[in-house]
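Thanks for coming, everyone. Please take a moment with the sequence and the structure on the screen, and then I'll walk you through what is there.

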Amino acid sequence: MCERGETPRLFGCAPGVDFPRALVDGLTARIGDAAPDALARVTVLVNTQRMARRLQDLFEAGPPRLLPRIGLLTQLDRLLPDAPLPPAAPALRRLLELEPLVAKLIEQERDLNTRSASFDLARSLAQLMDEMQGEGVSADQIMRLDVSDQSGHWARAQNFFGIAQDYIDATRDAPDPEARQRATVLRLAAHWTAQPPKHPILIAGSTGSRGTTQLLMEAVARLPQGALILPGFDFDSPDAVWDRLMRSITDPDLAREEDHPQFRFAQMMHSMGLRRRDITPWSSAPAPAPARNALVSLALRPAPITDAWRAEGPVLEPDLPDATRSITLIEAESARAEATAIALRLRAAAEDGQRAALVTPDRMLTRQVTAALDRWNIRPDDSAGVPLHLSPPGRFLRHVADLMLRPLDAEALITLLKHPLTHSAGGRSDHQINAQRLELRMRKDGMPYPTGPLLTACAARAAPRDGAAMEAWASWLAATLDGAHDDLARPLADWVTRHLALAEALANGPSPAGPSELWQKDAGEAALAMMQDLAAQAEHGGTLAARDYGALVSGLLAAGEVRNPDAPHPGIMIWGTLEARVQGADLVILAGLNDGTWPEAPPPAPWLNRKMRADAGLLLPERRVGLSAHDFQQAIAAPEVWLTRSIRSDDAETVPSRWINRLRNLMTGLPDGVGADCWQTMQDRGAQWLDHARALDAAPDRPKAARPSPRPPLAARPRRLTVTEIQTLIRDPYAIYAKHSLRLRPLRPLVPSADALLRGILLHDVMEHFVRATLDDPGARRADVLMQHACEILAREVPWPAARTLWQARIARAADWIVETEGQRQSLGTPAVMEADAIGRLDLPAIATTIEGRADRIDLDPDGNAILYDYKSSAPPSADQQKFFDKQLLIEAAMVEAGGFAALGPRPVAAAQFIGLSGQRTADVPLEEEPPAKVLADLAGLLSAYLEPKKGYTSRRALYVDREARDFDQLARFGEWDVTDDPVPEDLS
Amino acid sequence: MTPLDEATRRQHDAARPGQSTWLSANAGSGKTRVLTDRVARLLLDGVQPQHILCLTYTKAAAAEMQNRLFQRLGAWAMLDDAALRDALRALGYTGSTTDRDLRRARTLFARAIETPGGLKIQTIHSFCAALLRRFPLEAGVSPQFTEIEDRAAELLRAELLDQMADGPDAPLLGAFAQIYNGDELLRITARIFSTTGLSVS
């Protein structure tokens with residue numbers, strides 16, 4: 001079929017041509033009416049599985065015939081005349097074997113402080129080795145580079161290359177995939193030179209981006225019946241451009257045009273001694289938008305000859321309306337708006353039965369679009385699937401690995417308990433109930449670091465009525481989690497075993513009724529395969545800490561992917577940029593067209609800089625850019641095209657992708673203004689969709705809530721309040737309504753923090769223990785005794801070591817002052833009741849209301865008069881605050897006089913005082929100005945006011961600090977109003 | 001040629017690439033413009049774009065400068081000879097403007113957007129991060145490191161403090177707590193970390 005013409009033989013398909021279809025058509029046309037077995041003698045090698053599948057589909061859809069052999073470029077064993085090379089060693093094994101070598105080197109090098117990065121360094125070295133083998137560059141070649149460097153950096157780097165070379169030498173028998181592929185290609189080429197095959201061999205769809213592939217392509221192109229069919233070949237570029245590209249390879253004064261989309265082809269032509277005219281179209285299929293191809297070709301000219309824009313642009317100008325007729329340009333305010341607009345367009349495509357593909361390297365954007373499409377129940381066919389580490393088993397395995405990494409904390413525990421795979425082998429609903437009860441109790445009690453005994457005790461408190469079942473569950477949990485945390489360095493195999501055992505135990509639950517869900521479905525199977533692979537390779541690894549093991553597993557999971565199990569929409573696709581080559585969509589959306597996203601920013605290259613890479617013959621970062629540019633050139637050639645980008649990222653404006661920048665600059669700068677008009681029209685089309693997107697996302701402007709002042713029926717109003725609630729009733733009555741009428745309680749944070757509330761409670765405890773001790777033994781009124789109590793209580797009640805240290809120091813600073821003033825207090829009176837039994841009660845029969853309160857401490861003076869004290873961990877309130885808001889001690893004094901403290905009976909109150917512990921300051925209560933009778937009358941007045949049906953419980957009536965966050969702010973919808981708004985009463989029934 | 005007004009003349013001076021300049025001016029008075037002009041003039045003088053480093057403090061400033069530079073160079077690419085000569089002169093450029101020079105000026109746009117490794121108009125932070133990534137062994141970091149988020153750093157500092165309070169350094173922390181007045185240690189540790197350049201790994 002390729003009888004005529006010289007070798008090497010190269011064909012091309014223009015950008016935008018449906019490549020697999022053109023391939024089939026061209027092949028069929030060339031076979032003509034040859035014998036039926038002619039086609040079957042053809043071998044077609046393609047670059048991706050997806051391309052192979054599409055070819056297969058197209059052939060099968062055609063007339064019945066013998067089909068050609070379709071294979072992948074990476075699977076060449078079949079073509080070899082003799083036994084293939086031994087299978088490649090898995091990449092994981094190499095990583096595991098390299099890591100101990102790297103770690104050892106780091107240990108030997110005194111001035112290196114990178115022990116914890118040995119895995120990352122090994123991974124990065126492995127990548128470099130991949131590249132070296134793919135390009136046929138040896139470590140020797142790199143080490144011989146002429147580098148003038150006095151800093152020792154190069155010498156150090158050379159040590160690492162030494163590791164790489166030793167390793168490659170030592171693994172010749174089991175080479176890694178890149179080395180094996182190269183060796184296979186070399187053998188194949190040698191074999192073909194000796195015995196050229198008579199049947200046709202075609203390589204289709206590859207750009208020869210890697211050195212090995214290019215070797216193979218060159219060998220095939222020179223076969224008597226061999227040919228290359230290049231995807232996205234730019235037939236519009238004039239000879240001068242090709243000459244320039246090729247000259248940049250040989251001319252040392254010119255920079256290689258690696259970032260030009262057609263550079264790989266130019267390099268191929270150069271090494272085969274071909275000119276542009278030697279490359280002909282493979283099939284007669286025209287590009288969908290020839291005028292656009294010409295425009296893009298001009299826009300993407302090599303930088304040094306972009307002065308051609310002014311010369312050649314005006315020639316194209318009349319065709320621009322045609323070239324851009326089917327382009328829409330979306331320049332969205334945000335990535336979210338971009339995603340919404342794309343989703344809208346995809347939805348329209350689904351409705352019209354148009355085949356549409358979203359092409360972008362930005363996985364975050366594709367996830368946003370997928371989420372937006374979900375509202376119409378459209379599941380796009382995402383070629384990348386879900387990364388395994390984000391799938392349920394992936395997340396579960398990472399949570400479990402975290403358990404080994406650090407002591408169990410409340411957050412990690414609840415995260416795990418709520419994971420759908422936990423306890424998934426039967427009895428899951430009981431597990432959920434138990435977990436919920438445990439969580440509520442943990443929130444109530446506060447348990448930042450749960451341990452086995454704490455867990456079982458907490459579970460017992462959590463379900464007093466359902467004790468036995470809960471207890472069994474809790475002891476299973478405690479036993480399973482016991483000893484999970486481990487900070488020893490262990491052999492990798494040990495870690496894998498422990499990890500798997502722990503994961504399966506947690507997934508199985510105490511009495512599994514069958515297999516758990518952990519390894520079920522696609523994601524579970526993929527995760528299991530990955531873990532089994534790791535277990536199989538584990539013997540090659542060194543010893544490592546839990547942290548490194550966790551990072552290793554996360555990395556392996558992140559590299560895996562799971563196909564979305566739901567049947568996707570057949571016509572709505574999401575493609576990576578490489579897959580865009582397969583083509584076949586009516587509408588292609590090129591998204592995320594910002595600098596750094598597409599093309600992607602070059603990855604960090606720690607070992608060699610750009611010049612060294614160029615000198616050694618390794619890949620330059622520009623090659624990736626060139627390949628991306630080629631992907632772009634093909635994608636933008638589709639029948640209908642959307643170009644989208646967001647003009648802002650989270651924190652700054654974005655820089656448009658270089659190709660968009662070029663296109664805009666060329667079009668908008670043309671002399672006749674046609675280009676600028678076309679650009680405007682493209683933008684206008686986009687703006688319309690952005691308007692739709694805005695309309696879709698717009699939330700109707702609802703009226704704002706008013707400041708609430710609910711008036712519940714009298715029966716629902718509280719008749720029993722605590723002394724401290726009186727202040728709340730004055731400052732924030734709504735909180736009283738929420739607590740007593742609605743019976744709501746704030747849920748405390750899962751991980752309690754060392755907050756002021758706890759500090760206050762503990763200071764009270766310390767004082768009580770200390771004072772009690774001094775009563776038994778007046779000699780104990782010493783600072784060291786006080787500190788002894790403080791240390792004991794803090795050690796028991798404060799699980800945060802740093803906070804404990806700080807609080808202890810705080811009490812220590814005040815210790816002398818406390819002891820001294822305690823002496824004064826005990827000279828005035830004797831402590832009679834303290835917090836535990838100092839509960840007082842005040843009945844107000846006239847309004848059928850009871851006030852209860854707990855006094856910190858009441859002393860009696862020699863005359864039998866009471867002296868009230870209250871310990872404050874913060875500053876004591878001023879006299880005015882006490883008069884109008886903080887009436888706690890005033891009310892307690894009135895309680896004492898009215899006989900509210902049963903242990904004391906009615907007595908006169910001589911004095912009352914706040915003791916500010918950390919401020920080391922006391923404040924007397926203004927008993928003369930506010931005598932008990934007045935306090936009682938005021939209190940009765942206040943309470944009875946709230947028993948009037950027309951009195952509402954206003955939110956945030958008179959707070960001390962206006963910014964203070966209150967528990968019920970969200971319920972009150974604070975923020976929609978502010979305190980300058982008048983409260984709006986609402987009668988409730 | 002009309003005489004330049006004083007402000008424009010001084011902007012030209014500041015944009016002269018041959019001399020070091022300390023520029024301080026009011027907001028909105030054109031500092032970014034002077035900076036972009038200076039970069040444009042360096043490029044006109046034949047400096048390779050990858051040999052220019054512009055550091056800014058914020059991402060917003062870096063992106064804005066880049067976009068403005070591309071706009072300016074992009075306009076040159078499409079101007080005819082007379083207009084381009086005017087544009088170069090308006091920049092304060094006094095070098096030669098032969099046809100060859102003009103052709104070259106027109107290609108600066110594409111050369112700049114395709115600077116190998118990206119045009120280095122970036123924040124101090126990203127510049128430093130790139131340095132560390134290039135020399136992970138010397139810096140003692142992983143080549144794959146990521147910058148820590150504020151919240152994560154806070155949690156890490158809290159963890160370190162707790163480890164300290166529970167370990168052999170407990171007396172040290174205790175002694176510090178004796179003289180420390182604040183409510184919590186995290187605020188002071190954040191300051192210690194930010195002023196001493198200590199890093200957590």
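Let's begin with an open sheet in chain A of this predicted model. This sheet has six strands, in the order E7-E16-E15-E8-E14-E9, and the pairing is parallel. Which strands stand at the edges? They are E7, residues 327-332, and E9, residues 381-382; each has a single partner strand, so one side of each is left without a neighbour in the sheet.

Now look at helix H15 of chain A, residues 335-352, which packs on this sheet. H15 touches E7, E8, E14, E15 (587-590) and E16 (640-646), and its direction makes about 160 degrees with that of E16(A).

Going into the sheet itself, strand E8 of chain A, residues 356-359, runs parallel to strand E14 of chain A, residues 572-575, and four bridges join the two. If you want one pair to click on, Leu358(A) has Ile574(A) in E14(A) as its bridge partner. Helix H16 of chain A, residues 363-373, lies across E8 and E14 as well as E9, and runs at about 165 degrees to E14(A).

Two backbone details belong here. In the loop between H16 and E9 of chain A you'll find Asn377(A). Its phi is near 65 degrees, a positive value in a residue other than glycine. The other detail is Pro599(A), in the loop between E15 and helix H25 (610-616) of chain A.

The order is E19-E22-E23-E24-E25, and here the pairing is mixed. Strand E19 (830-834) and strand E25 (921-924) stand at the edges with a single partner strand each, so each has one side without a neighbour in the sheet. On average, and ignoring direction, neighbouring strands in this sheet are turned by 30 degrees against each other.

How many bridges pair strand E23 of chain A with strand E24 of chain A? There are seven, between residues 866-872 of E23 and residues 909-916 of E24, in the parallel sense. One pair to look for is Lys872(A) with its bridge partner Gly916(A) in E24(A).

This sheet has helices lying across it too. Helix H31 of chain A, residues 756-776, lies across E19, E22 (857-860) and E23, at about 135 degrees to E19(A). Helix H33 of chain A, residues 801-828, lies across E22, E23, E24 and E25, at about 45 degrees to E22(A).

Finally, let's bring in chain B. The contact between the chains takes 54 residues from chain A and 49 residues from chain B. About 4,400 Å² is buried between them, with carbon and sulfur atoms giving 57% of that area. Across this interface there are three salt bridges, and 15 residue pairs in polar contact. Helix H3 of chain B gives the most to the side of chain B that touches chain A, with 10 residues. That side of chain B divides into 23 nonpolar, 12 polar and 14 charged residues.

To finish, which residue of chain B meets Arg156(A) in a salt bridge? The residue is Glu138(B), and the distance from N to O is 2.9 Å.

Methods:
Residues numbered from 1 in each chain as written. Chains lettered and ligands numbered in written order. Predicted model: local features only at pLDDT ≥ 70, side-chain atom pairs only at ≥ 80, totals over all residues. Heavy atoms only, no water. Contact = heavy atoms within 4.5 Å. Buried area = accessible area lost by both parts, 1.4 Å probe. Salt bridge = Lys/Arg side-chain N within 4 Å of Asp/Glu carboxyl O. Polar contact = N/O pair within 3.5 Å; in protein donor to acceptor, adjacent residues only side chain to side chain. Nonpolar A, V, L, I, M, F, W, Y, C, P; charged D, E, K, R; others polar. Pairing = 2+ DSSP bridges. Axes fitted to C-alpha atoms, helices over the stretch in contact; angles between N-to-C directions.
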